[in-house]
Structure formats: structure tokens, C-alpha cells
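Morning, everyone. I have one model to walk through today, so let me put it on the screen.

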Amino acid sequence: MTRIVEDSQRYYRWQSFGPTDRQIANLWVDMDNQHKNQVRIHGILSNAHRQAARVALSFDFPFYGHYLRQIIIATGGFIYMGEITHRMLTATQYVAPLMANFDPSFSKNSTVRYLDNGNLFVVQWDKVRLKDREAAGPFTFQAALHKNGTIVFNYKDIPLPVEEINSTEHPLKVGLSDAFMGYLPTSQPSEAKRRNIYEYHRVAIDTTKIVSGSAFEFTPLPTCLQHTSCDLCLTSNLTSGCGWCNTLQRCSDGIDRHRQEWLDYNCLEEVRLITISHKREMSNIQTSPPNNGMTENTAIIAGVVAALVLLVALTLLAVYYINTHPTVAPPFYLMQRRTNNYWPSMKFRNQGCHSSYAEVELGGHEKEGFIEAEQCC
């Protein structure tokens with residue numbers, strides 16, 4: 001699908017820096033001056049084209065509110081952040097300083113290096129050249145993942161305008177993206193479940209700002225997932241639209257990587273009831289004056305009984321209303337029934353593989369073909 005998920009600036013805020021900005025010197029990570037035991041040259045990726053390798057991080061990295069401990073580095077100038085591998089790693093769930101058709105195998109000087117010092121993980125595509133445009137010159141750029149969730153794109157050498165890079169044989173993307181996976185309904189119980197990936201957010205960078213000596217810094221914003229209690233989930237001023245699911249003991253707005261589980265455990269309905277109850281309790285506290293003619297204990301008991309009766313009545317009324325008026329139900333109810341044309345849906349079955357990547361292991365053993373066992377279909 002061609003629909004673009006626009007950057008709502010709900011998950012990240014970002015800024016760009018030009019070659020003359022003072023911050024550039026502090027953003028660039030000079031891997032030549034780092035401890036040698038912290039920097040590794042990936043032998044397979046440095047001598048391959050359209051390959052990807054899984055690498056473990058020494059720390060939990062927050063990405064769209066989800067903590068990741070493994071990532072997949074690709075020769076094509078991006079990092080795949082998804083948990084499930086498939087044929088089209090370029091589609092979504094990426095950190096892409098400059099996703100393009102790079103071929104590190106063309107030159108012995110081209111390398112894919114990475115650094116992990118416990119607080120910072122950096123991938124550097126060093127002196128890599130574009131496939132079939134090798135004469136254009138070498139590109140050197142990096143993506144830095146900080147432990148606090150900050151992401152930095154640094155560009156040391158960009159020999160030609162990014163707009164002139166051909167995207168016919170390989171996608172050209174710069175920015176961030178995340179998605180959730182959902183199961184498609186099947187007509188027969190015996191049928192295998194088919195899975196789609198839905199991209200719910202994307203940050204697309206203006207490629208005209210990418211020149212030698214430039215940089216972009218992405219600062220993560222608070223998400224519902226960071227709240228660990230019902231009270232914080234419903235009252236925090238840092239986030240909005242959050243709901244608490246007691247069954248999962250999780251705070252969410254329903255749109256994250258755990259969406260399918262959120263639906264499976266009927267968290268949408270639970271969130272709605274908890275929210276109604278919470279608002280009613282707050283309203284009673286603010287508007288109900290004490291009755292001087294009643295003892296304190298009697299007033300408390302009467303208030304509890306009245307609240308329980310009201311909650312039951314509201315619950316029955318809400319259930320009846322939803323069943324009889326599904327088209328005007330609350331936002332969470334509508335989210336559950338959004339059709340596939342709301343989010344770009346990526347079906348990986350029976351599609352071309354122009355942007356396919358074969359995943360390889362660090363030990364030097366190269367897997368044959370593509371990942372089939374966990375392919376989304």
C-alpha cells in the first residue's frame with residue numbers, strides 16, 4: 001500500500017544539525033579512538049551485498065517504548081529493529097540513517113563496524129559504495145543508539161545528493177519506523193493463522209538536509225508503556241490516551257507492538273470500565289460535600305454503596321449502548337474495528353523480493369536463502 005504514516009511527533013522529537021553547528025563535533029563517534037575491544041568489524045557484512053546479521057546489545061535499548069536487546073544490522077545502511085524476521089526487512093521497524101543499495105563487497109576498504117560500550121551502540125557504514133554506481137564515491141555514516149533511547153544519525157562523507165540515489169532496485173529511506181503484528185481472521189478453524197504487519201508510525205527525514213558533516217538527533221518522548229501502575233497510567237501528565245489493563249498489568253494506548261495481545265485479552269473493554277470508574281471516583285471526591293447529619297462511618301458506607309450501584313448501572317448501560325450503537329462507540333472500541341486501510345498493511349506472501357535480505361549468523365556460518373520459518377504470511 002502507498003499510504004504514508006505521517007510523523008505525529010508523539011514518539012520522538014528531532015532536530016537537524018549542519019556542518020557549521022558546534023554540536024556536530026560532540027555527536028560524531030570517532031570509532032578509531034575507542035577501546036579496541038569495544039569495536040568490531042563484521043567480517044561477513046563487510047564483504048557482502050544485501051546481507052543482514054543479528055547482534056546482541058549489552059543493554060536494553062528503548063525503541064518506541066519497547067526495550068530491545070537484539071537488533072539486525074543490514075549492509076544497506078539501516079538497522080532492523082523487529083523481533084520477527086521476514087523477507088522484507090526494509091519495509092518497517094527500522095532505524096535508517098541512509099537506507100540504500102550499498103555493496104560493501106565492492107572494495108576492501110569498505111567495512112561495517114559496530115561499537116558497544118555498555119551505554120552506547122554505534123553502527124558505522126565506512127567507505128561503502130552504491131551498487132552499480134561505485135564511481136560516485138564512498139559513503140561514511142553512522143547510527144548511534146544511546147542507552148536513554150536517544151538516536152543520532154551522523155554523516156561524515158556524502159559524495160552526492162541523496163535525492164540522486166536510485167530507489168528502483170532498493171528502497172531509499174531515512175528515518176525511524178515501528179509496527180505491530182496482527183492476525184487475519186480465517187474462515188475455517190483448521191486454517192493456519194496469517195499475520196500482517198501494520199506500520200503505526202514513521203519519522204521520515206528531509207533528505208535534502210543530508211550532506212557531509214550533518215547530523216540528526218532523535219529524542220524519545222514518554223509513552224504509556226513506561227507506566228507500571230494503574231494510578232500513574234491514568235493520571236500522569238507526561239502521556240495522554242493511556243489505559244490500564246489489569247489482566248496484563250500493562251499501561252497502553254492500544255497501539256504498540258503488543259496490540260494483538262491487548263485485543264486477545266479484551267483489554268479495550270477492561271480499560272473502558274476502569275476509566276469510567278476512575279472518573280466517577282474523582283468526581284465524587286470533588287463534588288460530594290460531607291453530610292453533617294450523618295456520622296463519618298455511615299457516610300463512608302453510604303458512599304461506597306452508592307458508588308457500587310452507580311458503577312453496575314453504568315456498566316449495564318454501556319454494554320447495552322455498545323451493542324445497539326456500534327458505529328458511535330468510544331475511541332478504543334473503534335480502534336479494535338479499524339479496517340486494514342487505516343494502517344499500511346504489509347503482506348509478505350506472494351510478493352516480489354527486490355528488497356529482500358538474507359540473514360546471517362555472527363559465527364561465519366551463512367544461512368542458505370531467506371528466513372522462512374518466521375515469515376509473516
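Which residue of strand 6 stands opposite Ile-79? Val-95 does. Before I go on, a word on the source. This is a predicted model, with local features needing pLDDT of at least 70, side-chain atom pairs counting only at pLDDT 80 or more, and totals for chains, interfaces and linings using all residues. Residues are numbered from 1 along each chain as its sequence is written, and side-chain values use heavy atoms, with hydrogens and water left out.

Back to strand 6. Strands here are DSSP E runs of at least two residues, helices are H or I runs of at least four, and both are numbered from the N terminus. Two strands pair if DSSP finds at least two bridges between them. Strand 5, residues 78–80, is joined to strand 6 by two bridges, and they run antiparallel. Strand 11, residues 173–184, is also antiparallel to strand 6, with three bridges. Val-95 stands opposite Leu-176 in strand 11. Six of the six residues of strand 6 (94–99) are buried, so the strand is largely enclosed by the rest of the structure. Buried means under 20% relative accessible area, exposed means over 50%, and partly exposed is in between, with a 1.4 Å probe and protein chains only.

Ala-143 stands opposite Phe-153 in strand 10.

Now the cysteines. How many disulfides does a search of the whole structure find? Three. The cut-off is a pair of cysteine sulfur atoms within 2.5 Å.

Take Cys-224 and Cys-242, with S to S at 2.0 Å. The link is left-handed, at -85° about the S-S bond. Cys-224 sits in the loop between strand 13 (214–220) and helix 2 (230–235), and Cys-242 in the loop between helix 2 and strand 14 (243–245), 18 residues apart. Both Cys-224 and Cys-242 are buried.

Then Cys-233 to Cys-251, at 2.1 Å. Why is this disulfide right-handed? The torsion about its S-S bond is about 80°, so it is right-handed. Cys-233 is in helix 2 and Cys-251 in strand 15 (250–252), 18 residues apart. Both Cys-233 and Cys-251 are buried.

Cys-245 to Cys-267 is also at 2.1 Å. This link is left-handed, with -60° about the S-S bond. Cys-245 lies in strand 14 and Cys-267 in helix 4 (267–287), so the pair ties together parts that are 22 residues apart in sequence. Cys-245 is buried, and so is Cys-267.

Counting bonded cysteines along the chain, the pattern is 1-3, 2-5, 4-6. Cys-230 is in no disulfide, and the nearest cysteine sulfur, that of Cys-233, is 6.5 Å away. Cys-230 counts as partly exposed, at 27% relative accessibility.

Thanks, and over to you for questions.
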